[in-house]
Amino acid sequence: MRRFFSPAVWLPLGAICCLLLSQVAPVRADEPSKAAQPAGGKTGLPNIVYILCDDLGYGDVRCFNPQGKIPTPAFDRIAREGMLFTDAHSGSAVCTPTRYGVITGRYAWRSKLQRGVLGGLSPRLIEPGRMTVASLLKQHGYHTACVGKWHLGMDWVRKPGKQVTELSIEPRDQVWNVDFAQPIANGPNAVGFDYYYGISASLDMVPYTFIENDRVTVLPTEDKAFAMNGSNARGTTRPGPTAPGFDVDQVLPRLTEKAVAYIASRAAHAREGQPFFLYLPLASPHTPIAPTKPWQGKSGLNLYADFVMETDWSIGQVLEALEQHGLAENTLVIATSDNGCSPQARMEELKEKGHNPSGIYRGHKADIYEGGHRVPFVVRWPAKIKPGQRCDQTVCLTDLMATAAQIVGAELPDNAGEDSVSLLPALLGETTQPLREATVHHSVNGSFAIRQGKWKLAFCPGSGGWSFPRPGRDSANELPALQLFDLEADPGEETNLYDKHPEVVRKLTALMEKYVAQGRSTPGEPQANAVKVNFRQGMQ
Ligand SMILES: [Ca+2]
């Protein structure tokens with residue numbers, strides 16, 4: 001099997017250095033590739049643009065919810081010109097763990113993070129030496145960039161004797177514990193990205209400043225907070241370090257501008273044969289819900305819906321830039337969301353106006369129910385994917401790693417992409433067989449579910465998140481500790497069948513046990529999880 005090593009491992013091994021260097025050399029123009037025939041640049045390898053919206057619901061996107069009331073022309077265009085996946089899932093129902101899975105191809109519950117999310121000052125979560133989609137593509141000659149919300153931790157220099165919490169959002173008394181003038185170590189540049197521009201974490205977390213590579217662009221010297229949803233009366237973001245002049249409604253336009261500029265700067269190289277990978281995790285329509293002036297009121301629904309429209313506009317700008325530079329044909333574009341819609345969108349208000357951000361699904365962001373993690377997912381690659389297709393396969397956002405590996409013709413080593421399955425056969429219309437054996441879901445409080453075919457078994461009595469019945473509240477502990485749903489007959493997850501199909505419960509529980517014990521859910525050598533994983537913890 002073809003293997004890759006981090007520099008930390010192979011540098012001391014001088015004797016086999018030459019062999020290994022041959023593994024990390026860029027793909028040559030004449031090197032055959034498993035999947036991609038020349039269609040654009042000299043290598044034939046496609047550019048890859050991965051757009052990850054933040055808290056955008058399945059039902060917020062018109063091509064996924066024809067009853068939806070928010071126009072999303074860019075999403076709809078990608079679906080029309082490519083493929084729409086009806087059954088795609090984020091690896092988690094919240095931000096950080098989903099991002100970990102996108103970048104590493106491994107479920108985040110195998111990492112140290114067992115529940116919740118990181119803060120803006122948290123240290124790096126991705127383990128040193130672990131292969132990422134960016135480092136893999138870089139090894140195959142790609143130029144790589146991350147523009148947007150990182151939220152996977154980076155190592156800020158702490159002031160002497162000061163601490164920041166590692167695996168949760170920093171409390172108010174820690175927000176000035178960092179020396180913002182010092183370079184940041186182990187951010188996106190340390191895990192394979194040649195270029196990074198963006199914000200550290202969610203836009204309602206400190207620090208409120210842009211970061212370029214390993215430095216803040218403007219020192220956050222002020223102490224501020226921003227309105228969460230149009231006015232301070234509806235709450236504010238976490239107060240803390242803010243760059244003079246920074247405002248939250250600038251972030252989406254700025255990220256859009258940087259993404260478009262990056263595409264422009266790489267266009268000639270891409271046409272000459274060096275493809276690029278642009279990972280574009282937008283910070284919207286997550287709180288603070290802050291559309292710019294021209295977008296306010298556009299939807300006729302509420303401010304969140306306006307923000308969804310502006311987010312979709314941003315995607316449209318990226319599509320336009322690809323077209324303008326003659327790159328659209330051989331660029332694989334994926335647009336999706338990191339979890340379901342948040343109640344911060346004022347979902348009841350939207351429902352009264354006929355718009356359900358979760359579509360027909362139960363719950364929302366943070367939940368083990370479908371509303372937590374079933375996400376819009378559209379893919380366009382004109383050189384390879386026929387237009388106007390729909391795929392009903394269950395897929396996961398962890399699948400980018402194996403998909404990218406197959407595109408460049410690489411075989412993943414055993415210690416990478418442990419939960420990643422290539423979507424390429426489905427994209428190319430070469431299979432209708434299930435790609436994934438099963439898919440694991442994870443909620444904000446660390447509850448698990450496993451999905452295979454029409455069956456979904458949740459190892460918790462309630463939502464595992466923020467909708468009814470909430471863990472430890474709403475009499476959830478009086479409910480059965482397991483929930484089994486038949487998503488074909490009951491997509492709204494209304495009828496718990498756990499006592500009607502004990503054989504299904506047994507089979508899915510055994511599969512879950514195997515996935516935990518083996519440290520992977522794909523074929524390969526067993527791997528270790530970072531900590532002991534208890535998939536039944538939500539049942540207690
Ligand atoms: Ca999110």
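Predicted model: local features only at pLDDT ≥ 70, side-chain atom pairs only at ≥ 80, totals over all residues.

Reader: Why are helices H6 and H7 called roughly parallel?

Author: H6 (residues 251-272) and H7 (residues 303-324) pack at an angle of about 10°. Angles under 35 degrees count as roughly parallel, and H6 and H7 therefore get that description. Their axes are 9 Å apart.

Reader: What makes up the contact of H6 with H7?

Author: From H6 come residues including Leu-252, Val-260 and Ile-263, and from H7 residues including Phe-307, Trp-313 and Leu-322. The residues of this contact divide into 10 nonpolar, four polar and one charged.

Reader: Why is Asn-213 called partly exposed?

Author: Asn-213 has a relative accessibility of 27%. Buried means under 20% and exposed means over 50%, so Asn-213 falls in between and counts as partly exposed. Asn-213 is found in the loop between strands S5 and S6, and its phi is near 50°, a positive value in a residue other than glycine.

Reader: How do you know whether Glu-493 is buried or exposed?

Author: The relative accessible area of Glu-493 is 0%. The cut-off for buried is under 20%, so Glu-493 is buried. Glu-493 also has a positive phi, near 50°, and is found in the loop between S16 and helix H12.

Reader: Which residues does a cis peptide bond with omega of about 0° join?

Author: That bond joins Ser-284 and Pro-285. Pro-285 lies in the loop between strand S9 and H7. The peptide bond from Phe-468 to Pro-469 is also cis, with omega near -10°.

How values were computed:
Residues numbered from 1 in each chain as written. Heavy atoms only, no water. Axes fitted to C-alpha atoms, helices over the stretch in contact; angles between N-to-C directions. Helix = DSSP H or I, 4+ residues; strand = E, 2+ residues; numbered from the N terminus. Parallel < 35°, antiparallel > 145°, perpendicular 65-115°, else oblique. Contact = heavy atoms within 4.5 Å. Nonpolar A, V, L, I, M, F, W, Y, C, P; charged D, E, K, R; others polar. Buried < 20%, exposed > 50% of the residue type's maximum accessible area, 1.4 Å probe, protein only.
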